[in-house]
Amino acid sequence: MLRAHLEQVEAIERACFTDPWSGNLLREMLEAENTVSLAALTPDGTVLGYLSFSFVLDEGGINNLAVRPDCRRHGIASALLRQAEQLAREKGLAFLILEVRPSNLEAVTLYGKHGYAEAGRRKNYYLHPREDAIYMKLELLP
């Protein structure tokens, strides 16, 4: 992902999340040394989806994964997850974690297909609307 993509990424944030990250937070994420930001693009540079993950030592956490609503169910999220997993392995990370709303059954199913398993729950993690989070983990070490 490049800085030039941030406007489109911010629009996807607003379309996908009830509590979207601001443009400033997205810019900080993009510029952070311990964060990898990926964008799925058309040949003309249109952003279809994006993923970011941060890491400390051998631990990684997916910050955001979103695909434009009109581009879903075409394998974009899966491609982003595979690329993130490959980069996390190259960085020597032991695992990747993420949080997801239990009501987001498509996302829960997607993460399960990619090897993420429920590792716990976070009470009242989401605010709008109030909802717990499923804490999911993907082990990367053999």
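This is a short tour of a predicted model, stop by stop, with something to select at each one.

**Stop 1: helix H1**

Start by selecting residues 6–16, which form helix H1. Colour Leu6, Val9, Ile12 and Glu13, the buried residues of this helix. Looking down the axis, you will find that they cover an arc of only 115 degrees, so they sit on the same side of H1.

Now turn the view around. The face of H1 pointing away from the buried side carries Glu7 and Arg14, both exposed. Stay with Glu7 for a moment: this residue of helix H1 has a relative accessible area of 66%, and because exposed means over 50%, Glu7 belongs in that class. For a distance label, pick the C-alpha atoms of Glu7 and Leu26. They are 19 residues apart along the chain and separated by 9.6 Å.

**Stop 2: helix H3**

Next, select residues 76–90, the 15 residues of helix H3. From its first C-alpha to its last, H3 reaches 21 Å, close to the 21 Å expected at 1.5 Å a residue. Show side chains for its buried residues: Ile76, Ala77, Ser78, Leu80, Leu81, Ala84, Glu85, Leu87 and Ala88.

What covers them? Bring up strands S1 (35–41), S2 (47–56), S3 (59–67), S4 (95–100) and S6 (130–139), along with helix H4 (105–113); the cover of the buried residues of H3 includes these elements. Before moving on, click Gly92, which follows H3 and has a positive phi, near 80 degrees.

**Stop 3: the largest pocket**

To centre your view, select Phe17, Leu65, Asn104, Ala107 and Tyr111, which lie nearest the pocket's centre among its 38 lining residues. The elements giving two or more residues to this lining are H1, S3, H3, S4, H4 and strand S5 (117–127). Which element gives the largest share of the lining? That is S3, with seven residues. If you colour the lining by class, expect 20 nonpolar, ten polar and eight charged residues.

**Stop 4: backbone details**

- Select Leu57 in the loop between S2 and S3. Its phi is near 55 degrees, a positive value in a residue other than glycine. Is Leu57 buried or exposed? Its relative accessibility is 79%, and exposed means over 50%, so Leu57 counts as exposed.
- Move to Asn124, which lies in strand S5. This is another residue other than glycine with a positive phi, here near 50 degrees. At 36% relative accessibility, Asn124 counts as partly exposed, because that class runs between the 20% and 50% limits.
- Finish at Pro129, in the loop between S5 and S6. Show the backbone atoms of His128 as well: the peptide bond from His128 to Pro129 is cis, with omega near -5 degrees.

Conventions: Residues numbered from 1 in each chain as written. Predicted model: local features only at pLDDT ≥ 70, side-chain atom pairs only at ≥ 80, totals over all residues. Heavy atoms only, no water. Helix = DSSP H or I, 4+ residues; strand = E, 2+ residues; numbered from the N terminus. Expected span 1.5 Å × (residues − 1). Buried < 20%, exposed > 50% of the residue type's maximum accessible area, 1.4 Å probe, protein only. Contact = heavy atoms within 4.5 Å. Arc of directions from axis to C-beta. 1 Å grid on protein atoms, 1.4 Å probe; cavity = no way out; pocket = protein on both sides within 12 Å on 5 of 7 lines; lining within 4 Å. Nonpolar A, V, L, I, M, F, W, Y, C, P; charged D, E, K, R; others polar.
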